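Please look over the sequence and the model below before reading on. The paragraphs that come after are meant to be read with both in view.

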Amino acid sequence: MKGLFKSKPRTPADVVRQTRDLLIYAQRTPDSRESKREEKMSELCKNIREMKSILYGNSESEPVSEACAQLTQEFFKENTLRLLIICLPKLNLEARKDATQVVANLQRQQVQSKLIASDYLEANIDLMDILIQGYGNTDMALHYGAMLRECIRHQTVARYVLESEHMKKFFDYIQLPNFDIAADAAATFKELLTRHKSTVAEFLSKNYDWFFAEYNSKLLESSNYITRRQAVKLLGDILLDRSNSAVMTRYVSSRDNLRILMNLLRESSKSIQIEAFHVFKLFAANQNKPADIVSILVANRSKLLRLFADFKIDKEDEQFEADKAQVVREIAALEPKDHS
């Protein structure tokens, strides 16, 4: 008889509520009845997959905005996000991937033209601590890292991470022996330092000394080629951004920074040389060079001019050639400054 009466289809809000109940169950100590627990966990994984198909659509249908809005509203009404993040290690790999995609999508969902995820995260900002510390856990790092990058789309969340003690840990995460996790941490680090211009400029101005001391010693002078290459490229992106002009002026007035960049210019790797050139040209173009910078450039003038004479990139690039000609002119015209 049971098959005659179809159960009423669940609404998106029902799916979220049931997911929440199952997450609360999963969070508790393991049930003595193993079979019951397995059944509940399997149901939880199905619910997470269903949330994903509501938000992303599936092979048969596109996502429906009304359903997405209902799901989003219910999801952030209570602590579903917190429960999902805490219970993620208890889920199987496929469910972790689905949950990561659900969390990523929800950061962009608007309800009545409002990003309600942003308000929720502001009130539950400690969740970022869990996500960042995930880089120390090989099984969870890539899931938590992907969630974290989506959460820092919100400026208030990015500011929290930048101003937290966690920021210092990124210099170690970027050099973890596991390549995938190190690359993921580097992607998050780049996002933190480039997405929200005004917040980044404020962070770099306030934290200039320790930040660039770490950046230089741990990244630009790393023994790892990939770390050095990524770091010098990101440094160029940061310093060439107009909103960081005050930081750039300070950076190119330091002889230690110049020494590091000159060493990078001499690397055998063409890509590191080119990225280093884009930073070095800022030292050369500075019209208020301190005396010690001038004396280093004058002392190394012939070596630098020789290096730039042979300095070519694989494809023709008019801008690069123009920049190089300008740098050569600047260095050739330098006169030693009196240190007094």
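What follows goes from the nonpolar core to the pocket and then to one lysine.

This is a predicted model, in which local features need pLDDT of at least 70 and side-chain atom pairs count only at pLDDT 80 or more, while totals for chains, interfaces and linings use all residues. Residues are numbered from 1 along each chain as its sequence is written, and side-chain values use heavy atoms, with hydrogens and water left out.

The largest nonpolar core has 108 residues, of which Phe 170, Phe 189, Leu 193, Tyr 215 and Phe 280 touch the most other members; such a core is a set of buried Ala, Val, Leu, Ile, Met, Phe, Trp, Tyr and Cys residues joined through side-chain atoms within 4.5 Å. Helix α17, residues 270–285, gives the most to this core, with nine residues. Beyond its neighbours within four places in sequence, Phe 189 is in contact (heavy atoms within 4.5 Å) with residues including Phe 170, Tyr 215 and Leu 234.

Leu 234 is also among the residues closest to the centre of the largest pocket, together with Ala 186, Lys 190, Gln 230 and Ala 231. Helices α11 (179–194), α13 (208–220) and α14 (225–239) each supply at least two residues of its lining, and α14 gives the most, with seven.

Lys 289 is found in the loop between α17 and α18 (291–299). Lys 289 counts as buried because its relative accessible area is 7%, where buried means under 20% (1.4 Å probe, protein chains only). Its side chain reaches the backbone oxygen of Ala 284 at 2.7 Å, and a polar atom of that side chain lies 2.9 Å from the backbone oxygen of Asn 286.

How values were computed:
1 Å grid on protein atoms, 1.4 Å probe; cavity = no way out; pocket = protein on both sides within 12 Å on 5 of 7 lines; lining within 4 Å. Helix = DSSP H or I, 4+ residues; strand = E, 2+ residues; numbered from the N terminus. Buried < 20%, exposed > 50% of the residue type's maximum accessible area, 1.4 Å probe, protein only. Polar contact = N/O pair within 3.5 Å; in protein donor to acceptor, adjacent residues only side chain to side chain.
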